[in-house]
Amino acid sequence: MTTGDAPIWQRLLSGLAYLLPLSDALPFGTSLLRQFPFLQVVAFPALPLINLQQLVPFGGLVLFLALYLAVVRNSRVPYLIRFHVLQAILIDIVLMLLSLAFQVLLGSFAGSFAVRTLANTVFLGALLLCLFSLLQSLRGQEADIPTVSEAVRMQLY
C-alpha cells in the first residue's frame, strides 16, 4: 500500500518506531562495533531509548505496552504510523527471542568465533531491516517485509 501523500510528521513518527528494534539489535553487534568504531554512529539515535529502558524498571515492557495500546490499537492514529509501529514491535519480538536463544542455547560457547559471527550476522540483518523500514516510512510507504508485513496487515484490518 502506498501512502506517499502522508504528511511529513506522520513519516517521521513512523520512522522513529524503528529505534526500538535497533536498540535491541545493538548487543548482538558488540564485537563488530568494537572492531569497527565508525559503525558506532548507528548506535547514537538509539541511546536515549536504551537509557530509558535501563533507568525505568521493566522499561522495555512498559514501552512495548505503551506503544501497542496507545498507538497500534488506537484507530485515531493514522494507518502509516500504526503499521510501522506494529512492524517495529514484531521485529523487536523476534530480536528478543533470538537474544533469549543465544543466552540459553549458545551461552556456553559465548566467546567462540561461530557465535560471534552468528551474532554479527543478526546485528547486520537487523540493522539493514531497520534502515530499509526507516527509508520506506520516510517515503510514506509500507516497508514490505515477507511474513512480518503480512502479520501486521492482518492485525490492522
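Guide: Happy to; what follows is a close look at helix α6 and its surroundings. This is a predicted model, in which local features need pLDDT of at least 70 and side-chain atom pairs count only at pLDDT 80 or more, while totals for chains, interfaces and linings use all residues. Residues are numbered from 1 along each chain as its sequence is written, and side-chain values use heavy atoms, with hydrogens and water left out.

Helix α6 covers residues 79–105; helices here are DSSP runs of H or I with at least four residues, numbered from the N terminus. Two packed helices are described by the angle between their axes and the distance between the axes. The axes are lines fitted to C-alpha atoms over the stretch in contact, and angles run from 0 to 180 degrees between N-to-C directions.

Let us start with α5 (residues 59–72), which packs on α6 at about 155°, with the axes 10 Å apart. The pair is therefore roughly antiparallel, a label for angles over 145 degrees, whereas under 35 counts as roughly parallel. Their contact (heavy atoms within 4.5 Å) brings Phe64, Leu67, Tyr68, Val71 and Val72 of α5 together with Ile81, Arg82, Val85, Leu86, Ile89 and Ile93 of α6. By class, 10 of these residues are nonpolar, none is polar and one is charged. Here Ala, Val, Leu, Ile, Met, Phe, Trp, Tyr, Cys and Pro count as nonpolar, Asp, Glu, Lys and Arg as charged, and the others, Gly among them, as polar.

Next comes α1 (residues 8–16), whose axis comes within 8 Å of that of α6 and crosses at roughly 10°. These two helices are therefore roughly parallel. Trp9, Gln10, Arg11, Leu13 and Ser14 of α1 meet Leu80, Ile81 and His84 of α6, giving four nonpolar, three polar and one charged residues.

On the α6 side, the contact uses Leu80, His84, Gln87, Ile91, Leu95, Leu98 and Phe102; on the α7 side, Val115, Leu118, Ala119, Val122, Ala126, Leu129, Ser133 and Ser137. This contact divides into 11 nonpolar, four polar and no charged residues. In α6, Leu80 and His84 meet α1 and also belong to the contact with α7, while Ile81 meets α1 and takes part in the contact with α5.

How values were computed:
Angles under 35 degrees count as roughly parallel, over 145 as roughly antiparallel, 65 to 115 as roughly perpendicular and the rest as oblique.
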